[in-house]
Amino acid sequence: MKKIILLLSLTMLMFSCSNESKMKSEIKNYLDKNAKDPKSYEFVELKILDTVTVGSISEDEIEANNRILKDNDEAMQISKTTLGKAIKLNKQYNDNSFDEYIIGATDDIKAIEKENFVCNKQIAKYRKTINSKEILGYVATHKFRIKNGFGALDLDEMWVEFDKDFKLLKMDKSPNFDVFKK
């Protein structure tokens with residue numbers, strides 16, 4: 001039993017090392033093409049933060065659409081209140097002075113209903129894939145030293161996104177994970 005556990009541990013270690021070396025190689029190639037002084041590059045650290053799956057993207061999209069629906073509920077209440085008051089005032093004063101408010105509120109209600117329809121359609125689409133464990137890619141941070149424009153060696157940290165085959169998709173100062181969204 002101990003031998004099996006040891007063998008599995010070694011296999012996992014070798015697998016993760018080879019994947020990390022693929023990532024390092026992709027980063028090095030990127031910096032060779034894009035850095036001002038690529039020969040001054042010194043690796044410090046590569047930390048994988050997340051494995052991006054179809055399911056995790058689906059969860060995020062459902063959550064985003066639910067936030068829109070919640071905001072739309074509040075906007076709908078305001079528009080319906082405005083519409084009701086404008087209709088009441090038109091009747092009260094027996095003229096059409098408040099028609100622009102009626103038209104505006106009606107247009108707002110139609111736009112909100114249309115957006116809600118789209119959101120609900122998106123939620124239904126993403127619910128079908130919420131349990132998927134299919135890997136789309138990986139998100140990591142990479143610390144390194146490289147010479148700046150003045151020739152001084154700076155410590156830098158970048159967010160890095162890789163596809164499922166560890167090919168570099170994006171390297172940026174700030175996290176922005178829209179690369180994996182379809």
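A salt bridge is a side-chain nitrogen of Lys or Arg within 4 Å of a carboxyl oxygen of Asp or Glu. The structure holds 5 salt bridges. This is a predicted model, in which local features need pLDDT of at least 70 and side-chain atom pairs count only at pLDDT 80 or more, while totals for chains, interfaces and linings use all residues. Residues are numbered from 1 along each chain as its sequence is written, and side-chain values use heavy atoms, with hydrogens and water left out.

**Salt bridge between Lys-143 and Glu-45**

- Lys-143 pairs with Glu-45 in a salt bridge whose closest N and O atoms are 3.9 Å apart.
- This pair links distant parts of the chain, 98 residues apart: Lys-143 lies in strand E2 and Glu-45 in strand E1 (residues 42–53).
- Helices (H or I, at least four residues) and strands (E, at least two) are DSSP runs, numbered from the N terminus.
- Lys-143 is partly exposed because its relative accessibility is 29%; buried means under 20% relative accessible area, exposed over 50%, and partly exposed in between (1.4 Å probe, protein chains only).
- Glu-45 is also partly exposed, because its relative accessible area is 27%.

- Glu-63 and Arg-67 form a salt bridge with an N to O distance of 3.0 Å.
- Both residues lie in helix H2 (residues 54–93), 4 residues apart, about one turn of the helix.
- Glu-63 has 48% relative accessibility, so it counts as partly exposed.
- Arg-67, at 47%, counts as partly exposed.

**Salt bridge between Asp-156 and Lys-173**

- The side chains of Asp-156 and Lys-173 meet in a salt bridge at 2.3 Å, N to O.
- Asp-156 is in strand E3 and Lys-173 in the segment after strand E4 (168–172), 17 residues apart.
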